[in-house]
Amino acid sequence: MTKSASAEQAEQVEGVEVGEARISIPGMGEEGENLATAHEETEHTHGGLGESTTKAKSGGSRADRTTSLSVADFAVPTGREEEWRFSPLKKLGRVLSDAATQTPVTIKLRKSAEGVTHGELALAQSPRGTVFSAADRAAVVGYSQSAQADHIKVAADTELTEPVFLDITGEASGHRANAHIVLEAEAHSKVVFVLEHRGSADANLNVEVIVRDGADVTVVSLQRWDGDAIHVGQQDAEIGRDAKYKHVSVTLGGEIVRLNSNVRYAAEGGEASMYGLYFADAGQHLEHRSFVDHNSPRNSSNVLYKGALQGQDARTVWVGDVLIRKAAEGTDSYEKNQNLILTDGARADSIPNLEIETGLIEGAGHASSTGRFDENHLFYLMARGIPEKEARQLVVRGFLNEIVQAIGVDSIEDTIHQDLENELEIAGF
Amino acid sequence: MSTLEIKDLHVSIETEQGVKEILKGVTLTINSGEIHAIMGPNGSGKSTLASTIAGHPRYTVTSGTITMDGENVLDMAVDERARAGLFLAMQYPVEVPGVTMTNFLRTAKTAIDGEAPKLRTWAKDVRSAMEKLKIDADFANRNVNEGFSGGEKKRVEILQLELFKPKFAVLDETDSGLDIDALRVVSDGVNRAQESNDMGTLLITHYTRILNYIKPDYVHVFVDGRVAEQGGPELADELEANGYDRFLAPAQA
C-alpha cells in the first residue's frame, strides 16, 4: 500500500477517502489494472531439464465464466476451451459424461463428535446448492448425478479440538462414482475437516463449504488415491462476515486429479488462505485451479501452491484466478505458485490470472516460478559432508514444508512427511 | 599431524570457446597448524584451486594429484572430502530455500562426525559460536543464506568452520565485501578455529588487508595458474607496497 506523499489533507466523504490523494497502488487506476503484471518473481527455466510456461493473462474475464446447476448449460468440452486446454480429455471423458454412479465411493465420518451431525441433502434441499454453482462440465454432471449429498454440520459456537475426518474411499477402479458433500460450519464454530481420498474410482466429487459469520474453518483435502484413480472435483466455499477459511489441497496419488478450489465472500472481514501441495510422478497429471472471487469489500486472500515433479511425463498444471470486482474496495490479495522439477521429462504449467476492477485496494500481487533442482544447492550441502541423497531430500522437503506446516494438524503433517519420503524414494533420491 | 599435498595440478573448465586450462601445474604442501596465504590478481586461478580442492563438478583435473595424509582426495566425492576433514568457505555462499540454518547445521554436523551431536551441548555450542561471530540468534530459524547480506553470509561460513572443526580449511576470498568490523569478527573466528583445532589453512585473497588480522606463515603469489613466487609474511608486505605489476610485466611484454 502506498499513500500519497502530498501534505494535503485527504478529502473524505463519510470517513472514506476520496479525491486525488486517496490510497492507490502502483499501476492501478480506478478503471482497473494498467500493467500486464504486478510485482512478480521471474520465471526460471534452466537448459533442457523440464519445460514450463507462465502467462500472466489468458482468455476472457473470469467474471464472464458460466456457472450453473443445469447440465444443459455445459457442452462436453473439446479441449479448445480455456479451462480444459491442459487436461487429458480423452481419459477424462469417463467423468465428464452425464452418467450415473456405477459403484459409489464410501463416505464415512471416522469418529463422531459433539456438535457434529452427519445427514443427507436431496438435490434441491437447502443449504445444498446455496454456495455451490458448477463452473464446468465435470462439476455440473457430478452435482446433478448425486441425488443425495452428505451433509456434515457443525453447530454454532462449537469449537472442535480434534479434526473431523471424512474417509472417502473408491471401491472399484474404472467405475464411475458421483458424490456431493456439504460441509457447514455455523456461526462462530471452529473446525478442521479432513477429507481423505483413498482407493480407486472414476470419481466426480464436489464439495460445498458454508462458512457462517465468525466461523473458523479449515478444509484439508488429501488425495491419496491408488495409481489408477481419476478424480475431478470442484470445492466451493463462501466465507461469512469476519470468518476465516483455510483450504489445503494435498495431491500425491491418482492417475489424473483435477481440482477446482473456489472461494467467495458473503460479507466483509473474511480471510481466505488456500494452499496446495502436489508431487507428480511419471505419467501422473495433477491439475489444480484456484479462484478467489473478491465480490465484496474489505476481505483478504492468500493463495500458495507448491509442486514437485519427477519422472517421464509427470505433469502438473496450476491456474490461479483472482478477480477483484468493482465493489471489492479494500481487498488485500496475493497468489503464488512455485514448482520444482527434479528430473528430465516432467512439465509444469503455471498461470496466475489477476483481474482488478478497482484501484481502491490494499494490495494485489501474483508470482510464479518454476525451477529445476539446482546443482549449486547440491554442491553447497555436499561440501558440508551431507551425502547426495540426503541433500536432495533436504531441499525437496524444505521446499514443500511451507505447505505441510500450513496444515496445522500434527498427525496429518507426520503422515505427509512419510508420503514425501516415499515419493522421493521412487526417483531414487 | 596432517598434510594436504597438491602436486603439479592441472585443471581445466569447459567454456563456450572450448576447453580452457586454468591451473597449469600447482604444487603446494600444507601441514596442520600452518597458514598459507595465496595471493594474486583476478583471474589467476586462485578460486579455481579452492573449488577444485572441494570437488566442484565444473572443474576437471587433467593431471596432477591432491592427497591428504596419503589418501587420494581426487577419488573422493564432494561429501566424502568434507567428511575427511576438508572445508571450503565459499566466496559466494549459496542460498538454500526451505532448509533452516538449525536443520542444516545439525544435518551437516551429523554427517561429518558420523553421529548426531548431543542435543544440549550442540545447541549451546551453536549459540555461543553465533554470539562470538555477532550473528543474530534469529538467523538459526532462517533458511540457509536466504536474504543474508554478503557480510552475513561470510560470517555464517566461518560459523560452520568453527562448528565442523575441519583438518584443513580453504577460505576463498572470505574478506571480499567485508567492512572493517566484519573483517575483524571473521578473522577472529578463523584464528579461534586455527588455535583450537590445529587446523591447516589456505587463505585465498586478493588484498593484503586480511593479513593484518590473520598472520600467514607462508605467502604464495599466484599468476596465470601457477605459483610465481613464494616466501614468508614479508612477501605480503612487498605486495602491499608494489602490487602485482612485477609479476604481470613479463606477460604483457
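Which exposed residues does the face of H5(A) turned away from its buried side carry? They are Asp410(A), Ser411(A), Asp414(A), Gln418(A), Asn422(A) and Glu425(A). Here a residue is buried if 20 or more other C-beta atoms lie within 10 Å of its own, exposed if 12 or fewer, and partly exposed in between, with C-beta atoms placed from the backbone.

This is a predicted model: local features need pLDDT of at least 70, side-chain atom pairs count only at pLDDT 80 or more, and totals for chains, interfaces and linings use all residues. Residues are numbered from 1 along each chain as its sequence is written, while chains are lettered from A and ligands numbered from 1 in the order in which they are written.

Start with chain A as a whole. Its secondary structure comes to 5 helices and 21 strands. Helices (H or I, at least four residues) and strands (E, at least two) are DSSP runs, numbered from the N terminus. Of the 429 residues of chain A, 50% count as buried. Contacts in chain A reach across the sequence: among those between residues at least 6 apart, 84% join residues at least 24 apart. Two residues are in contact if their C-beta atoms, placed from the backbone, lie within 7 Å.

Chain A is divided into domain 1 (36-373) and domain 2 (374-429). These bounds come from an automatic or database domain assignment. The C-alpha centres of the two domains of chain A lie 25 Å apart. Their contact takes 23 residues from domain 1 and 19 residues from domain 2. On the domain 1 side, S10, S13, S15, strand S17 (300-309) and strand S21 (363-372) of chain A each supply at least two residues. S15(A) gives the most to that side, with 4 residues. By class, the domain 1 side divides into 15 nonpolar, 5 polar and 3 charged residues. Ala, Val, Leu, Ile, Met, Phe, Trp, Tyr, Cys and Pro count as nonpolar, Asp, Glu, Lys and Arg as charged, and the others, Gly among them, as polar.

Now return to helix H5 (residues 410-426) of chain A. It has 17 residues and reaches 25 Å from its first C-alpha to its last, close to the 24 Å expected at 1.5 Å a residue. The expected span is 1.5 Å times one less than the number of residues. The buried residues of H5(A) are Ile412(A), Ile416(A), Leu420(A) and Glu423(A). They cover an arc of only 80° around the axis, which puts them on the same side of H5(A). The arc is that of the directions from the helix axis to the C-beta atoms. What covers these buried residues includes strand S10 (190-211), strand S11 (216-223), strand S13 (244-251), strand S15 (271-280) and H4 of chain A.

Next comes the core. A nonpolar core is a set of buried Ala, Val, Leu, Ile, Met, Phe, Trp, Tyr and Cys residues joined through C-beta atoms within 7 Å. Of the 184 residues in the largest one, Val211(A) and Val220(A) touch the most other members. The largest share of this core, 12 residues, comes from S10(A). The core draws at least three residues from each of domain 1 and domain 2 of chain A. Not counting residues up to four places away in sequence, Val220(A) touches Val192(A), Val194(A), Leu195(A), Val248(A), Val250(A), Ile407(A) and Ile412(A).

The chain interface follows. 18 residues of chain A are in contact with 17 residues of chain B. Helix H3 (375-382) and helix H4 (388-407) of chain A are the elements that give two or more residues to the chain A side. H4(A) has the largest share, 7 residues. This side has 10 nonpolar, 5 polar and 3 charged residues. In H3(A), 6 of the 8 residues are buried, so the helix is largely enclosed by the rest of the structure. Those buried are His377(A), Leu378(A), Phe379(A), Tyr380(A), Leu381(A) and Met382(A). They pack against H4 of chain A together with helix H2 (78-84) and strand S7 (96-100) of chain B.

Some backbone details remain. The peptide bond from Ser126(A) to Pro127(A) is cis, with omega near 5°. Pro127(A) lies in the loop between strand S7 (116-122) and helix H2 (137-144) of chain A. Asp313(A) has a positive phi of about 60° although it is not a glycine. Asp313(A) lies in the loop between S17 and strand S18 (315-324) of chain A. In strand S1 (residues 3-15) of chain B lies Asp8(B), with phi near 45°.
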